[in-house]
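Let's take a friendly walk through this model together. Please have the sequence and the 3D view open as we go.

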Amino acid sequence: TFDVTFSTAGHDVPPTLYGLMFEDINHSGDGGLYAELIQNRAFQTVTPGTSAALTAWAALGSAKISVVKSSSPVSSALPNALSFAVASGTTSTVGFTNSGYFGIPVTAGWTYTGSFYYRTPSPPATKVSGSFTADLRSTGGTVFTSATVPFTTSSTWQQATFTFTASSTQTSVENLFALSVGGSTVAGLTMEFTLISLFPPTFNGRENGFRMDLSETLLDMKPAFFRFPGGNNLEGETAADRWAWENTVGDLVDRPGRVGDWGYINTDGLGLYEYLQWIEDMGMEPIMAVYAGYSLNGASVASSGMQTYITEAINQINFVIGDASTNAQAAIRASMGHADPFTLNYIEIGNEDFFSPTTYADYRWADLYNALHAEFPQLHYIATSATSGNVPTLSPTPTYWDLHIYSNPICLTILKDFFINGAFNFDILSRNGLQFFQGEYATTTENSGAALTYPFIDGSIAEAAYMAGFDRNSDIVFAASYAPLLNHVSSTQWTPDLITFSPNTVIRSTSYYVQQLYSLYKGDFYLQSTTNTASSSVQWSVTRDTSAGQYFLKVINTATSANTVVFTLPFTPSHTTGTGTILTAPSGTQNTPTSPNAAVPSTFSFTAGKTITYNAPGLSLSVLVVTE
Ligand SMILES: O=S(=O)(O)O[C@H]1C[C@H](O)[C@@H](O)[C@@H]1CO
């Protein structure tokens, strides 16, 4: 039995404590949160004439399709186009299809919004007019919904728009978007197409917006912040490939896209404006990273070359919070629909710069910090480090640090960082003004070292033990987020992830529920109590929602057998029945596509008094809510 008593001491819990870490990894952006359904919609960064250039596209009927460098590109950002050639004398239906991001969802009642640019490089002397049919169909050819899109041949680019509404829901996502036309209408013609786009309804109905079910899944966590755009995907393989904010704003036709750092092309249709608008719609605040001169090939920008990136960072921040009436970057924001500044308090300078400690310490941190702090003294600047307790020496001295740890449930022997034991990593740190952001953490292997494809209950409850340390030390831990956040089941580079999705399903992992329970029951004040030894299998945390007069008694049992905790509260609750929520499952349990709800939280009632005795099942996180 563990006896928990309280002193009168305690401290505020920062409202920023629990949030989300995001980067476009595992198609979590393109093909995930970003709601565009057409993969390779503008043939960005592909090499014309190669089969890879046609990723996700296929011809319909006897038409010949290929990706070409257009002789008259739709914009300087989008030089490529799909060439669609129809032989003279053709009479049968011709066209082309797109298979989406590993499938396309067909959902009853959804009105889809489509558009594409088209032109006829060498139009016939007599203009040809006709109609395309845009439709959603199964790979077997069953058409679920369609729209007629009139066209007239023209050597200049035209943009067509259309909508169609699905009347049935298909459980299979083996569906295609198709553009087709009667062969006789276009026989002998060659046409070009690009920026072929199809959107489902989006979260908050935003144009060029986010997928609804994934947004709702994240909203159910009530996350406080959103760290973006990376992580590795901020850095580029080289400086030229970095995430550069300016290439991600403005009209879609002006966004070139880039080769992302996780093996696929980023359209940058999910750009800085879309991130910020969605973060605002979701009730979060950004933790926005700026490129800091280090890229994943290991090279650092020379000191003499830093000004370009300092200017870029200043402009990026001005896009977010500048005055649109006086600042050019802020004026772009206003022209996109948000005249007022967005909320912004935190800037992270780089990502995991412990891979390039010398240049970060010698000049990259100072150059950016000094310039940004001078321009925006009200913002907080986060330095990157490896693990708590051994932050490098930087000048000027950072106040805020981002720490990352990927570990097995018990410990990560190399870095001496521990999950179950590591919950006390922050207890031992001196309170010298430093504030920590556990920007990335996850149990990534079993204790045996076996890799995880999905989180498992043993690791998730170990994370819960570690998170009790965040609550207890939230006087110096201001933010924490699991990573990575999302993975597309059909295109994943990193496992495990918090949430796995397909084009029409979302799976909440056991770790998702741990993150959700800590975030929902964060409270605003931590009550100091007797603590445990670091290696104990039972941890706890008690926080309070002061305005609601509610206390959240979190109990974490990382052992496989039950343990009893006896709380002696510093008050006698008037409500003698409390409601608890528990996540528990047998060792090894995972929520997967075949067993999505193997472990989900359940609620229970308990008797609330000055003394509360709670028998915590093995491998469990429980939150007992006591009302004064
Ligand atoms: O290869 S790693 O450095 O471990 O990559 C990790 C750390 C990096 O910030 C993030 O992008 C990635 C997975 O979340």
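Helices H3 and H4 cross in a right-handed sense, where right-handed says that the near helix is turned clockwise from the far one by less than a right angle, and left-handed that it is turned anticlockwise. Before going further, note that this is a predicted model, in which local features need pLDDT of at least 70 and side-chain atom pairs count only at pLDDT 80 or more, while totals for chains, interfaces and linings use all residues. Residues are numbered from 1 along each chain as its sequence is written, and side-chain values use heavy atoms, with hydrogens and water left out.

Back to the helices, which, like the strands, are DSSP runs numbered from the N terminus (H or I, at least four residues, for helices; E, at least two, for strands). H3 covers residues 272-281, and its axis comes within 11 Å of that of H4, with a crossing of roughly 40°. Axes here are lines fitted to C-alpha atoms, for helices over the stretch in contact, and angles run from 0 to 180 degrees between N-to-C directions. H3 and H4 are therefore oblique to each other; angles under 35 degrees count as roughly parallel, over 145 as roughly antiparallel, 65 to 115 as roughly perpendicular and the rest as oblique.

H4 (residues 307-321) also meets H5 (residues 328-335), their axes coming within 7 Å and crossing at roughly 40°. That angle makes H4 oblique to H5, and H4 passes H5 in a right-handed crossing. Now find H7 (residues 457-472) and H8 (residues 510-520), whose axes are 8 Å apart and pack at an angle of about 20°. This makes H7 roughly parallel to H8, and their crossing is right-handed.

Next, the ligand. Which residues lie around the ligand? They are Glu 23, Gly 231, Asn 232, Trp 262, Asn 351, Glu 352, Phe 355, His 404, Tyr 406, Glu 440, Pro 484 and Trp 494, each with a heavy atom within 4 Å of the ligand. By class, this shell has 5 nonpolar, 4 polar and 3 charged residues. Oxygen atoms of the ligand lie 2.5 Å from a polar side-chain atom of Glu 23, 2.7 Å from an N or O atom in the side chain of Glu 440 and 3.2 Å from a polar side-chain atom of Asn 351. The protein buries 84% of the 360 Å² that the ligand exposes when taken alone, with areas from the Shrake-Rupley method and a 1.4 Å probe.

Finally, look at the backbone. Most residues other than glycine have a negative phi, and most peptide bonds are trans. Gly 231 sits in the loop between strands E13 (225-228) and E14 (258-259). The bond from Thr 495 to Pro 496 is also cis, with omega near 0°, and Pro 496 is in the loop between strands E22 (486-488) and E23 (499-501). Asn 26 is not a glycine, yet has a positive phi of about 60°; look for Asn 26 in the loop between strands E2 (20-21) and E3 (57-60).

Note on methods. A polar contact is a pair of N or O atoms within 3.5 Å; within protein, one must be able to donate a hydrogen and the other to accept it, and residues adjacent in sequence count only if both atoms are side-chain atoms. Ala, Val, Leu, Ile, Met, Phe, Trp, Tyr, Cys and Pro count as nonpolar, Asp, Glu, Lys and Arg as charged, and the others, Gly among them, as polar.
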